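Please keep the sequence and the structure in view while reading.

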Amino acid sequence: MSNLQTSPLEPLASTSLYLPDEAATEELAKALSDTLSHYFSNSYEKKSGTEKSAKVYLRGDLGAGKTTFVRHFLRAMGVKGRIKSPTYTLLETYKVSSLYLYHFDFYRFTDTEEWHEAGFRENLGEDAIVFIEWADKAGPGLPTPDLELYLIYESAGRTAQFNAFSEKGKTWITKLIHRKMPTGDQ
């Protein structure tokens, strides 16, 4: 879709699809979870620390479904119990096996230096899947994501646009494209 906005960087790959309802959003989150679970389960083949991490930035207006997507992703990864929005805490942390899952929300930031002052850089390290909502509020010091998910209101549903900014992200998009995903045409 040509009318969708993208990050200032040029993505290596992009794809978008229509999510007619929350069930389709849940299906997409499960598909990404499966893709990343497989990637991390094969991480013994990887050599560097950055190969064992995943950074996914979420964009979209308030209420577009960013937290809902992450909640479904975390459930698919096996997280039990209450999954809270990090809007007020800024960070919610989960652990599945030896893997950390960090969910940030920078919506309340008013200064791009706030994320540095909060000491969050250490959470962007190895063996972690990191989701960041409102990453643009952290400014240019934030590392480039592997994958960006941009959720846009459209009719009664949403359009989900994925942009890859790393080779890992490009591989994940390719795997998502080859899965039977919801399109609203079914």
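Leu62 counts as exposed, because its relative accessibility is 54% and the exposed class covers values over 50%. The model discussed here is predicted. Leu62 sits in the loop that runs between β2 (54-59) and α2 (66-76).

Leaving aside residues up to four places away in sequence, Leu62 touches Tyr107, Trp134 and Tyr153. Tyr107 is 45 residues from Leu62 along the chain, and the C-alpha atoms of the two are separated by 9.5 Å.

## Confidence in the model

The chain has a mean pLDDT of 81. A pLDDT of 70 or more is reached by 81% of its residues.

Residues 1-6 have pLDDT under 50 throughout. For this stretch the model has 13 contacts beyond four places in sequence. Where pLDDT is low, predicted coordinates should not be read in detail.

How many salt bridges does the structure hold? The count is 3. Side chains of opposite charge can pair when their charged atoms come close.

One of the salt bridges joins Glu26 and Lys30, with 3.4 Å between the closest N and O atoms. Both residues belong to helix α1 (residues 22-41), where they are 4 residues apart, about one turn of the helix. Glu26 counts as partly exposed because its relative accessibility is 28%. Lys30, at 43% relative accessibility, is likewise classed as partly exposed.

## A salt bridge between strands

Glu148 pairs with Arg59 in another salt bridge, the closest N and O atoms being 3.6 Å apart. This pair links distant parts of the chain: Glu148 is in strand β6 (residues 147-154) and Arg59 in strand β2, 89 residues apart.

Are the two partners buried or exposed, or partly exposed? Glu148 has a relative accessibility of 2% and so counts as buried, since buried means under 20%. Arg59 is partly exposed, with a relative accessible area of 24%.

## A buried salt bridge

Asp146 and Lys168 also meet through their side chains in a salt bridge, at 3.7 Å from N to O. Asp146 lies in the loop between β5 (128-133) and β6, whereas Lys168 is in helix α4 (residues 167-177), so the pair ties together parts that are 22 residues apart in sequence. Both Asp146 and Lys168 are buried.

Key. Residues numbered from 1 in each chain as written. Predicted model: local features only at pLDDT ≥ 70, side-chain atom pairs only at ≥ 80, totals over all residues. Heavy atoms only, no water. Helix = DSSP H or I, 4+ residues; strand = E, 2+ residues; numbered from the N terminus. Buried < 20%, exposed > 50% of the residue type's maximum accessible area, 1.4 Å probe, protein only. Contact = heavy atoms within 4.5 Å. pLDDT = per-residue confidence, 0-100. Salt bridge = Lys/Arg side-chain N within 4 Å of Asp/Glu carboxyl O.
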